[in-house]
Amino acid sequence: MCGVVLFKVFIMLSAFTLITEAQYSRKDNMDAPVPKLITANGYPVEKHRVTTEDGYHIQMHRIPAGRRTARRTVGSGGKGKRAVLMVHGLVGSSGDFVIMGPKNSLSYILADAGYDVWLGNLRGNIYTSHQNLTRNDPAFWDYSFHEHGKYDAPAMIDKVLKVTGLSKILYIGYSMGTTTFFTMMSQKPEYNDKLIAFVALAPAVYVDNMKEIATFFLKSMDIITTLRQRGMLALGFKQDVMDFVAESFCTARNPESDVCMRIMYSIVGEDYEQHDWDMTPIFIARAQPASWKQLEHFGKIAMTSVFTEWADGLWGALKPYRLDNVKIPVSLFYGLNDRLTEKSGILRLAAELNETGVLHSIKGCNWPKFNHLDFVFAKNVGKLVNRPLVGHIDELHNKYYVQ
Ligand SMILES: *[C@@H]1O[C@H](CO)[C@@H](O)[C@H](O)[C@H]1NC(C)=O
Ligand SMILES: *[C@@H]1O[C@H](CO)[C@@H](O)[C@H](O)[C@H]1NC(C)=O
């Protein structure tokens, strides 16, 4: 019984996550590239391309100055300013940090506060490609956050340091963007020397809440193996199917008849009050593909309760990542109603970081229903999280940035 329900949830969630642009492309803001959105909001923007050691091209987006100071600093870029690198979560992109507009989204708020803001992208999303592989090549999709940490994040950090001439920057991660940070530090601890501090929004390291669902899909159903055998290279569905699902299930604008968000909320925690109904289609249209291995790797971590490497596979030996390789101050933020990266898992992470002396702070968002997606999509995410966060980031800079 539970299995059937979970299966439905999975199908719906997949559908929900993977609906592509077609249906919504009539509306402007839906699928405009991130640099266009930033320009449309009156901010300066730059595109930078980096290539990872293993051949992935990544387009980064930079907001070198705020709205008011844009005219003055254009040309001179953000030289001499404090820089932050922001790294998105699963099925996300640099767009996650701009999508709610200047009043709410962290990248704009930081740019207006004087920061040189760099938005990262991780291999797999639309702002990435590969030297020799196309998206139809299974090898293109052979990665998880292990590779994000080993290749993508280091390449992006080096790029920011090179362009800005700074010796250190601050890293902000959301969800899988935090997993990426920890796998990077485990594999390349020399990056401690390039970062001032780490701000972790909804850190995804211990995800025991997902144990049951992961066991069901990966073990009982063995669903990914089946989909792989059918030739599906990544979590991405046919557009017409998705259009049908979106039209049938994702058009309600109230909690009673809303199948879409209810399914989503069963995973991330319910928060209708912070849900902006106008954002649902935008959110769906902008979702990016996930590699099977990302999902399986999170599954391995959920099922074993160990923040382990993929190593020799889903059922292979455990090889814990070295959290004790982190040497810079870490601030953790969680949502009180986040079911995906739930509080107890973040407290466990906090305790371990505290033991090695790097935990700077841990804080829950005041809003009692704050869920996993609210860090990006809450109606009032500016007021609830992002504006206060600027003060916190200032404090980290003042305290730990010795040039
Ligand atoms: C891509 O192909 C070129 C030419 O064969 C080769 O030199 C390069 O190493 C390849 N890159 C990767 C990441 O495999
Ligand atoms: C961190 O460790 C100190 C000293 O052992 C302890 O007093 C404090 O409660 C710990 N904080 C967290 C969040 O674990």
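Which polar side-chain atom lies 2.9 Å from a nitrogen atom of ligand 1? In this predicted model, the atom in question belongs to Gln 131, which is one of the residues around ligand 1 together with Asp 54, Gly 55 and Asn 132. The side chain of Asn 132 also approaches the ligand, with an N or O atom 2.4 Å from an oxygen atom of ligand 1. The protein covers 32% of the 360 Å² of accessible area that ligand 1 has on its own, and the shell comprises three polar residues, one charged residue and no nonpolar residue.

Asp 54, from this shell, is joined through its side chain to that of Thr 52 by a polar contact of 2.6 Å. Thr 52 is located in the loop between strand S1 (46-51) and strand S2 (56-63), and it counts as buried because its relative accessible area is 4%, under the 20% limit. Beyond residues up to four places away in sequence, Thr 52 touches Ile 58, Arg 123, Tyr 151, Asp 152 and Ala 155.

The largest nonpolar core contains 115 residues, and those with the most contacts inside it are Leu 110, Tyr 171, Ile 172, Phe 181 and Phe 182. Strand S7 (residues 195-201) gives the most to this core, contributing seven residues. When neighbours within four places in sequence are left aside, the contacts of Tyr 171 include Leu 85, Val 87, Ala 153, Ile 157, Phe 181 and Met 184, as well as Leu 195, Ala 197, Phe 198 and Val 199. A second, separate core of five residues includes Phe 140, Trp 141, Tyr 143 and Ala 234.

Methods: Residues are numbered from 1 along each chain as its sequence is written. Chains are lettered from A and ligands numbered from 1 in the order in which they are written. This is a predicted model: local features need pLDDT of at least 70, side-chain atom pairs count only at pLDDT 80 or more; totals for chains, interfaces and linings use all residues. Side-chain values use heavy atoms; hydrogens and water are left out. A residue is near a molecule or strand if one of its heavy atoms lies within 4 Å of it. A polar contact is a pair of N or O atoms within 3.5 Å; within protein, one must be able to donate a hydrogen and the other to accept it, and residues adjacent in sequence count only if both atoms are side-chain atoms. Accessible areas come from the Shrake-Rupley method with a 1.4 Å probe; for residues, only the protein chains shown count as cover. Ala, Val, Leu, Ile, Met, Phe, Trp, Tyr, Cys and Pro count as nonpolar, Asp, Glu, Lys and Arg as charged, and the others, Gly among them, as polar. A nonpolar core is a set of buried Ala, Val, Leu, Ile, Met, Phe, Trp, Tyr and Cys residues joined through side-chain atoms within 4.5 Å. Buried means under 20% relative accessible area, exposed over 50%, partly exposed in between (1.4 Å probe, protein chains only). Helices (H or I, at least four residues) and strands (E, at least two) are DSSP runs, numbered from the N terminus. Contact means heavy atoms within 4.5 Å.
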